[in-house]
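Welcome! Please take a first look at the model below, and then read on for a short tour.

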Amino acid sequence: MSVEGSTKAVVTALCANLGIAATKFVAYALTGSSSMLAESIHSVADSGNQALLLIGGKRARRGATEEHPFGYGRERYVYSFMVAIVLFSIGGLFALYEAWHKLSHPEPITSWQWVPVAVLLVAIALESAAMRTAIKESNAVRGNASWVQFIRRSKSPELPVILLEDAGALVGLVFALLGVGLTLITGNGVWDGLGTAAIGVLLVVIAIVLAIEVKSLLIGESATSENVQAIRRAIESVEDVDGLIHMRTMHVGPEELLVAAKVAVDAHNDAGRVTRAINEAEDRIRAAVPIATLVYIEPDLFRAGHAPSEASESTTSG
């Protein structure tokens, strides 16, 4: 996945949310609408989340050290998991608390009644533009995968996170618009509280989905099935490799793949010939799958009558 594309989507969403948050807070100060307050906190949480994604991307680019010999690529997963926590606690739980408070003491919107509607309509337009950017950048890398498959299988967390946040923001704005609109029409502040509650539930659900998907990446996911097959073909194409016995792969970062394989070689080959075969296999793996930055191949003797077993590899993700 393009790092530049991910960064562009994150920066676009950050700029949109900072502007939206400021206007929502003004609307809340003028009207006292709980839906506007919930949406204001939602935008602040989203802005903080996008800042976390940018920090995680920057820290992940650090080189390997003696203490962290495989580098810092997984920092992008750590910061993405923090996004889920922020969205759940600051966004979802606060909105649910505010909804409970508003439903306990419902109040109509009596001043500046046109302000929240205008702000929400502008926010919908800005969020739509931000989501359009996220969709465009995602389409460049998702191939034939459906949107659900893309979110579940992507090894780079930024675009799926932004897509879910933007989708949640748009739906949340619709909930807020319904709550505010019905409150203005009926004069009953309960609708404002119900809109706030819907926003809170929505944010909690999105945060849980994000946490589940990013947790899988933190634990360590294998390469995609396409990359596994490409690696297998690269190994088996080497003349002095008699077959692939077994293989394991794991992402140590979105663009960094660890490959460990045991291959069968002829017992009559000398050490020099085996070494050349291993080096050639490593070169062909990296040519076939450029993100395979860490490759370890162990040779084993081919025994007559015992063909190498099928490569064992889990490709389950999410």
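The protein chain has nine helices and three strands; these are DSSP runs, with helices (H or I) of at least four residues and strands (E) of at least two, numbered from the N terminus. From the N terminus on, the order is α-α-α-α-α-α-α-α-β-β-α-β.

This is a predicted model, in which local features need pLDDT of at least 70, side-chain atom pairs count only at pLDDT 80 or more, and totals for chains, interfaces and linings use all residues. Residues are numbered from 1 along each chain as its sequence is written, and side-chain values use heavy atoms, leaving out hydrogens and water.

Let us turn to helix H7. Its 30 residues should span 44 Å at 1.5 Å a residue, and the end C-alpha atoms are 44 Å apart, which agrees; the expected span is 1.5 Å times one less than the number of residues. Just after H7, glycine 220 takes a positive phi of about 120°.

Isoleucine 212 lies in helix H7. This residue counts as partly exposed because its relative accessibility is 46%, given that buried means under 20% relative accessible area, exposed over 50%, and partly exposed in between (1.4 Å probe, protein chains only).

Here are two values for the whole chain.

| Property of the protein chain | Value |
|---|---|
| Box filled by the C-alpha atoms, along the principal axes | roughly 90 × 35 × 30 Å |
| Share of the 318 residues that count as buried | 48% |

Finally, among contacts (heavy atoms within 4.5 Å) between residues at least 6 apart in sequence, 76% join residues at least 24 apart.
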